[in-house]
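Please read the following explanation with the sequence and the structure open beside it.

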Amino acid sequence: MIGGLFLYNHKGEVLISRIYRDDIGRNACDAFRVNVIHARQHVRSPVTNIARTSFFHTKRGNIWLCAVTKQNVNAVMVFEFLMKMIEVMQSYFGKINEENIKNNFVLIYELLDEVLDFGYPQKTDTGILKTFITQQGIKTQIETILNGPKTKEETTQITSQVTGQIGWRREGIKYRRNELFLDVLESVNLLMSPQGQVLSAHVAGRVVMKSFLSGMPECKFGMNDKLVLDKGNKATDDLSKNSSGKPSIAIDDCTFHQCVKLSKFESERSISFIPADGEFELMRYRTTKDISLPFRVIPLVRDIARSKMEVKVVVKSNFKPTLLAQKIEIRIPTPLNTSGVQVLCMKGKAKYKASENAIVWKMKRMAGMKESQISAEIELLPTAEKKKWSRPPISMNFEVPFAPSGLKVRYLKVFEPKLNYNDHDVIKWVRYIGKSGLYETRC
Amino acid sequence: MPTVSSRGDAMRGLAVFISDIRNCKSKEAESKRINKELANIRSKFKGDKTLDGYSKKKYVCKLLFIFLLGHDIDFGHMEAVNLLSSNKYTEKQIGYLFISVLVSSNSDLMKLIIQNIKNDISSPKPVHVNLALHCIANIGSAEMSEAFGQEVPKLLVSAHASESVKQSAALCLLRLIRTLPDAMTYAEWASRVIHLLNDQHMGVVTSAASLIHTLSQLSPGDYKGCVSLAVSRLSRIVTSTYTDLQDYTYYFVPAPWLSVKLLRLLQCYPVPEEPAVRGRLVECLETILNKCQEPPKSKKVQHSNSKNAVLFEAINLIIHIDSEPNLLVRACNQLGQFLQHRETNLRYLALESMCLLAGSEFSADAVKKHRETVINALKTERDVSVRQRAVDLLYAMCDKTNSEEIVAEMLAYLKKADYAIREEMVLKVAILSEKYASDYTWYVDTILQLIRVAGDYVSEEVWHRVIQIVINRDDAQGYAAKTVFENLQAPACHENMVKVGGYILGEFGNLIAGDERSSPLVQFNLLHSKFHLCTPSTRALLLSTYIKFINLFPEIKQTIQNVLQNDNQLRNADVELQQRALEYSQLSSITSQDVLATVLEEMPPFPERESSILAKLKKKKPASVQAIEKEEEKMKKSPPSIENHVNVPKEVPANTNSVDLLGLSTPPATPQQSTNSLLVDVFGSVDQPVAPKPESNISKSETAGSVDPEAAQNKSNLLFSRFLFKNSGVLFENNLIQVGVKCEFKEHTGRVGLFFGNKTGNQLQNFSASVSMGADLQGKVNIAPQKEAPTQIDGGAQVQHFVNLECITFFSGSPNLQLRYQHASTPQQVTLKLPVIINKFMEGTNMPAADFFNRWKQLGQPVQETQKIFQANHPIDTEAAKTKLTGFGMSVLINVDPNPDNLVGSGIVKTKTSQIGCLLRLEPNKEAKMYRLTVRSSVGEVAALLCTMLEEHF
C-alpha cells in the first residue's frame, strides 16, 4: 500500500509531504529528488526503485507528484490513484502549479487525509469529496460565501450517504427542470506512412455525463455497440444486423464509472445506473477497427541542392461537407541545420518556429471534403559532421464535431418511480467531439 | 596582456542570452531558447552574408556556451577558424578557444588551423605566439606534434623570445612529447634546454623543470648535465629568504613548486659524482631539514602545506640517495615528529616515507625507535588508510629482535582491524612469524592463533605453509600435534583450523597418542565431531586423515571403517567424497598392514621454493614488498636465521586444490572398471592430465587389431624414446595389456613403478614380469624387485610392481622387461626396454658464466669432446629445446652464451662409484635448419653417448 505521497516543484523542493506508514522515512523524499528529479540522465521510467523503496511518479506541468511504498503494490492502482488525485485537485482549485498548491496547503492536506487511509485509497470521486470537504479552493472564495455554511441536517446526511450503498449520490435532490447532458469525447491516434498506408490507428473515447435529475432516477444507456446490437437482434429476429439498418461498432475494451451495475452489463450487456449528481465520466472505451480518419496528410519532401530542400504538404478533409473542423494545426519538422525558411500557403497562417524546429501551420476551420496545401523552401547550413536528419513525422491537431470511432448514442432512458416525472419530461442533450491525439504522418 | 572586457568587446548579446537561459524555469524552456538562438546564429552564418569580427566572435562565443551546456554543435567551425586570422587579441582568443574545445583532431579543417597556427607562431607579438602555443598543447594530437615538433623547440631556445613565450613553449613541448614520446629526439637541443634551468625568470625555470624531468626519463644520457644545474638552482632557492623571490614566494616559502620539481628531477639520476656538487646537494637537503625546525612564519595551512611538500620531496631524495647516514637519520627523526601531528595527511605521509626509510640500512635503526608510536597509531588512529600504512611500517621495521612484540601487537590488532586490510595483515603476520621465528613452537602458536582470530582471512597459502614447515621440521612435529589438538578442543573452531588439525594429526597423531587424554580414539572423535560442519574440500581432507589413522592406529580401524562405509560417505552427492570414502574403505579392508604402511608413508619433506605467501602479498601490493625484499637480501648476507638452517620447504603444491597436498597421485590399488585406457586414468591425476593424453589418443586409434608384433614393437620403441625426457607414461600397449611406468630417481638410486593393466574382460593367467640385464649392464646396475611380480591379472584390473635400482657405474643401453602371460590359453610374450637410461641419473647444476668457461676449457682434450652436426628434425624453437634439455636432466644456463639462440647446459651424472660432469652446447643454424651439438665430459664415453641420444631429438 502507498506509504507516502510527495509533491515537488520543478526545482525539486518539497511542497507537500504526507507520510501514511512508518516504513517510509523522512529521507525518502530526498532520495527521490536526488535520484530522479536531479538525475544526470533524464529518468524515463515512471517507477523507480531506490534502496528497496518504490517511487511512482507523474508530472503535471512543473509539479512532480510521487507516491512511495516499500511493499509490492499494484503499480496500475497507484497510478490510477495519482491520476484521480490530480483530477480532484484540479476540480478544487483549477490548474496544478506551484502557486496554486502553495495557496491551498490546508485543502490539499485535508484531501490527502480523506483519499488515503493508512495508505489504502478511499473515496476519490470529486462529487462525493465535495460533499464533506467543503473548503473551496482559493480561486472561488466568493462562491463559498454565497453558498453559505451547511446546515447540521446536511452534515448528518453526509455520514449516512458516504457509508451507504449508493455512495455517489445523496437522497432528496430536487431540480425544477430535469435535464441531462451527454458528451462523447474521442481522441484519434494515427501513424501513417508517407504513401498513405495506416501503420497504426486507434480511438480512445469517453462518455461524460452531466445530470441534473431529481430523486434517485435509474438510467439506461444504449449505444451502437456490436455485441449489444447482435444480442438484441438475436432476441427479436435472427436476421443480420442489416435489419436494424444502422452500422454498429466493435469496442475493444471499456471501463465504467462505479455507478454502473456491472452484473447487469455482464448478463444483459445493458448499461444501467443511478447517475451521480453533476458531471461524471460514465464510461471509457477504445476502438481500433473501422475508424473514419478525419484528415489525410500527404507530404512531399525534396532535396533541391546541398543547402536547400523543398517541402509540400497537402491536407484533405475526409468527412461530410456539412461539418466543420476547427482548431487545425499542422506541425512540419525542419532539419536541425535550418538557416532560413520561406513559407507559402493558400489558407490559414504558417510560420517557422525556430525554438521548436518546426513550421507551424494553423487554420481556424475547414469544411469536409476540402483540400488545402502549403509549400515551404528550407535553406540549410552545411555542417561539420554529415549526420543524417532523422525526419520526424508531421503531426496534426484538430477538433471535429463527430465521433471518429462511429459510436452513436441510441438512447438514454430515465426512470424515476417515486417522483412523478417520466422519460419524456427529461431534457436530454447529446454532443460528439472528436479530437486529435497523436495524429502523425511520416515524411 | 590586453584585458578581455575592454569597451566595445563586452558582447551584450551574449550576456543577455546567458541570463535568459539562467532564468528558464524548466528544461523545456531552456531547450526552446537554445533552439531559437541556434536558428538565429545559423541564419547569421548563412553563406551569403558577411559578418564583422565582433559579431562573429559573439556568435562563436554563444555556440561555445551552448556546447558547454551539453548540446551538440555541428556548425560554426569555419567561422571560428576565420577568427584566427583576425588581428585582435580577443577575437583570436575566442577562435582558439572554440577550436581547442570543439574541433576534433580528424577534422577537415585541421590543415587550415595548422596554417593559422604557423602564422601566429612566427608572429612578432608574444601574446599571439602564446595563444598558438596553448592551442597546440590543448589539441595535443599526433598531427600537432608532427607539424610543430620542430618549431616549438626553436622558440624555446631562441634568444629573443620573451619569457612568457618560453614558458608556454616548454609546457607545449612537454604535452607534445607525452603524445608522441618516440617520434622526437631532442638530443641536439639537450644542452640548451638544460641551460633553461639557469634562466632569470622563475616561471621559465619551473616549466623547463617539468620538461626536463620528462625528457630525462626518455633519454637519461642526454640530459645528465641537468643535475649540477638543478643542484645549484635548488641551493639558490633554498638559501634565499622569502623576500628574494617576490612573485614566486607562496606563503613565505620560496618557490615551493619549483623546489619540488627539482627534487623530483634529481631523483631520476644517481647521486652526483663530483664532490662539489654532491656537497652542495647535501647542504641543500640539510637546509631544508633545518628550515622545518624553524618556527612557522604563518599559521595558514598553505604555509605548512607548501613547506611540508618540499620537505617530503627532499626526504624522498634522501631515500633515493641512500648513502648519507646523517641525513637519513635526521629525516627519520623529522618524520617521527610528524607521526603525532594533528594533520591526518601528514601522519599518512610520514608513515609512508618511513616505510621506505626502514628499507635503508642506515636509517633502519632510527625507524625502529618509533615502534611504540607506530603501534600506538595502529590502536588509536581514526583513519583506516593511516592504519594501513602503520601496518605496512610495522611490517617493514620488523627484525629478529622485535619480531615477537610486533607480531603480538599485530595479532592483537587483527581482532578489531578493518575488514579491508585483514587479509593482508594475516599474510604479513604469517610471513613475519615464519621469517623471524627463533623457535618453532612460537611459530606454530602464532599461526594457530592467527587462524583462531581471523580464520576467514587466512588464505590457503598460509595454512599450506604451516603444514610444510611442520613436516620439514622434525622437532616441531610433536609440539604442533599437541597444540593443534588443544586448539581443536575449542567448541567452535574455524574450518582452516580443522584443515590444519586434520592434516597434522593424520601425519603426526601418533606422537601424542601416548597420552590418555589424546588417545587415538579421542583424536578421531574430536576430528569427526567437526566433520559435518565442514565444506566438501575439508571433508575430503579429513577422510584422508582417517585412512592415515587406520595406518597409524590399527586399534581403531573398525571405528573408522564404519565411518567410511557409512552411507553418508559412500552415497555422498559429492563425487570426490564418495570416491575417497569408497577407495579408502576398500584400501583398508583389502590390503595388508604393510601395504597400507607403504601407501600411507609419512610425507616426504617438501622441496624448497619461494614462499608462496610472499608471492601472494607481492601480487596484492607490489610496491610495499620491495622494502621487505631489500631486507631479505640483507638477511641472506647476515648470519642465517632459522629459515636458512632449517632447509625450510618453500613449496605449496602447484595447484592449490587441497586434494594434492596428500600426494594422491600414488594410486591405491583398487579395481577399476574402466575398459580401455585405465592406466591413463591413473596417471592423469588431477594436476598432470596433459602428459599422458597423447599416448592415450594413439592407443585408442590403434587398438583395433594390432596383433602384429612388429607394429607393436615399433610403437613401443616410439613410446620408449619419449622416456628420454620424462619419467612417467605409457610404455607399451596392445589390445590385451597396457604397461605404464612411473620412475623416481635420486642421485644414484631409483625406483621404477610398473603398472600392468588388463584390457580384456578375462583373466590373464601365468603372468610374469622379469627385468633382465644384458651382458653389458652386468655389474653396472643393480636391480632388485621390491616384491614378487603378480602371477595373474583379473579382467579389467590393474596391478603394480615396483623395482629398485642402483647405478654402480656408467652404463649405456637399458635393462629389458620380459612379460609372459596367457590369454585365452595362448601364451604371449613381450620384451620391452625399461626406461632406465644413464641420463636419468644426471642432475643439473647451475653455475655462472665464468665457471662454465673455465670448466669447458679444462675438458679440452679431444677424447673428452664429441661434436655432431645434423639436420633439425623439428622446427627450431629455442623454448622447446630448453624444455627438452631440462627434461633430459641438464640445467640450462642462461646468459652464458652471447648468442641468445645458443643453448648451454651442464649436469653431473651420479653413479655410486663416481660423479661425471657433463657440459653441453647446442648451436642452431636457422637458415640451414642444422644444429651443432657439442658435449664435453670428463669421461669421453659419456659425452659420445649423450650426444648420440640427443641427436635424434632436435
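Two strands count as paired if DSSP finds at least two bridges between them. In general, strands of a sheet pair through backbone hydrogen bonds, either parallel or antiparallel. The model shown here is predicted.

Begin in chain A with strand E11(A) and strand E13 (residues 278-287) of chain A, which pair in the antiparallel sense over four bridges. One residue of this pairing is Cys254(A), whose bridge partner in E13(A) is Tyr285(A). Both strands belong to an open sheet of nine strands in chain A, and the order across this sheet is E11-E13-E9-E8-E23-E21-E16-E19-E18. Its pairing is mixed. At the edges are strand E11 (253-256) and strand E18 (349-353) of chain A, each of which pairs on one side only. Neighbouring strands of this sheet are turned against each other by 15° on average, direction ignored.

Chain A also holds an open sheet of five strands, ordered E2-E1-E5-E4-E3, with antiparallel pairing. Here the edge strands are strand E2 (14-19) and strand E3 (47-50) of chain A, and each pairs on one side only. On average, neighbouring strands of this sheet are turned by 20° against each other, direction ignored. Within this sheet, strand E1 (residues 4-8) of chain A pairs with E2(A) in the antiparallel sense, over five bridges. Tyr8(A) has Val14(A) in E2(A) as its bridge partner.

Two helices are placed against these strands. Helix H1 (residues 28-37) of chain A lies across E1, E2, E3, strand E4 (53-60) and strand E5 (63-69) of chain A. H1(A) runs at about 50° to E1(A). Helix H4 (residues 105-115) of chain A packs on the sheet as well, touching E1 and E2 of chain A. The direction of H4(A) makes about 25° with that of E2(A).

Turn now to chain B, where strand E8 (residues 798-807) of chain B takes part in two pairings described here. With strand E5 (residues 749-758) of chain B, E8(B) pairs in the antiparallel sense over nine bridges. In this pairing Leu754(B) stands opposite His801(B). With strand E7 (residues 781-785) of chain B, E8(B) pairs in the antiparallel sense over five bridges. There Ile783(B) stands opposite Leu805(B).

Chain B also provides an example of two helices in contact. The axes of helix H25 (residues 460-472) of chain B and helix H27 (residues 495-508) of chain B come within 10 Å and cross at roughly 20°. Because angles under 35 degrees count as roughly parallel, H25(B) is roughly parallel to H27(B). Their crossing is right-handed. On the side of H25(B), the residues that meet H27(B) are Glu460(B), Trp463(B), Ile467(B), Val470(B) and Ile471(B). Their counterparts in H27(B) are Asn496(B), Lys499(B), Val500(B), Tyr503(B), Ile504(B) and Phe508(B). By class, this contact has eight nonpolar, one polar and two charged residues.

The last step is the contact between the two chains. How many residues of chain A are in contact with chain B? There are 19 in chain A, and they are in contact with 16 residues of chain B. The size of an interface is often given as the accessible area lost when the parts come together. Chain A and chain B bury about 1,400 Å² between them, and 51% of it is on carbon and sulfur atoms. On the chain A side, Ser339(A), Ser355(A) and Leu381(A) lose the most area to chain B, together 33% of what that side buries.

Key. Residues are numbered from 1 along each chain as its sequence is written. Chains are lettered from A and ligands numbered from 1 in the order in which they are written. This is a predicted model: local features need pLDDT of at least 70, side-chain atom pairs count only at pLDDT 80 or more; totals for chains, interfaces and linings use all residues. Side-chain values use heavy atoms; hydrogens and water are left out. Axes are lines fitted to C-alpha atoms, for helices over the stretch in contact, and angles run from 0 to 180 degrees between N-to-C directions. Angles under 35 degrees count as roughly parallel, over 145 as roughly antiparallel, 65 to 115 as roughly perpendicular and the rest as oblique. A crossing is left-handed if the near helix is turned anticlockwise from the far one by less than a right angle, and right-handed if clockwise. Contact means heavy atoms within 4.5 Å. Ala, Val, Leu, Ile, Met, Phe, Trp, Tyr, Cys and Pro count as nonpolar, Asp, Glu, Lys and Arg as charged, and the others, Gly among them, as polar. Buried area is the accessible area (1.4 Å probe) that two parts lose on being put together, summed over both.
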